[in-house]
Amino acid sequence: MLIEEVEARLFWDADWEMADVFLYLPPEAARADLVLHAIDPDYFTAVPEGPDAHGVEVARHTTAELTGRPNSPRRP
């Protein structure tokens, strides 16, 4: 069990599975638990910025490669 616990903490980020625990707590309790678990205070509420045009093209190309489909031109 110890090896599984170490593996889970080092190799698998499952913090997102705990969202319901923190989001439904009173703010003070949530902050304390986030500190206890070493989770960034904005982890569950921060909204990432969207990609720029280059980032979208890179994502499209990567997706095409991973799915074995040609990188078709952008639709109007």
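Predicted model: local features only at pLDDT ≥ 70, side-chain atom pairs only at ≥ 80, totals over all residues.
**View 1. A nonpolar patch on the surface.** Five residues make up this patch: L2, V6, L10, F11 and W12. Is L2 buried or exposed? L2 counts as exposed because its relative accessibility is 67%, and the cut-off for exposed is over 50%.

**View 2. The largest pocket.** This pocket holds about 320 Å³ of space. Its lining includes A8, R9 and L10. W12, D13, A14, D15 and M18 also line the pocket. L36, H37, A38 and I39 complete the list. Which element gives the largest share of this lining? Helix α1 does, with three residues. By residue type, the lining of the largest pocket splits into eight nonpolar, one polar and three charged.

View 3. The residues around it are F22, L23, L25, P27, A30, R31, L34, P41, F44 and T45. Two helices, α2 (19-23) and α3 (27-36), each give two or more residues to this lining. The largest share comes from α3, with four residues. How do the lining residues of the second largest pocket divide by type? Eight are nonpolar, one is polar and one is charged.

View 4. The model has one salt bridge by the rule used here. Its partners are E57 and R60. Their closest N and O atoms are 3.1 Å apart, inside the 4 Å cut-off for a salt bridge. Where do the two residues lie? Both sit in helix α4, residues 53-67. They are three residues apart, about one turn of the helix. E57 counts as partly exposed because its relative accessibility is 31%. R60 is also partly exposed, with a relative accessibility of 26%.

Notes. Residues numbered from 1 in each chain as written. Heavy atoms only, no water. Patch = residues over 30% accessible without salt bridge, like charges linked within 9 Å, V, L, I, M, F, W, Y side chains within 5 Å. Areas by Shrake-Rupley, 256 points an atom, 1.4 Å probe, with all protein chains shown as cover. Salt bridge = Lys/Arg side-chain N within 4 Å of Asp/Glu carboxyl O. Buried < 20%, exposed > 50% of the residue type's maximum accessible area, 1.4 Å probe, protein only. 1 Å grid on protein atoms, 1.4 Å probe; cavity = no way out; pocket = protein on both sides within 12 Å on 5 of 7 lines; lining within 4 Å. Points joined across faces, edges and corners; volume = space filled by probe spheres on them. Nonpolar A, V, L, I, M, F, W, Y, C, P; charged D, E, K, R; others polar.
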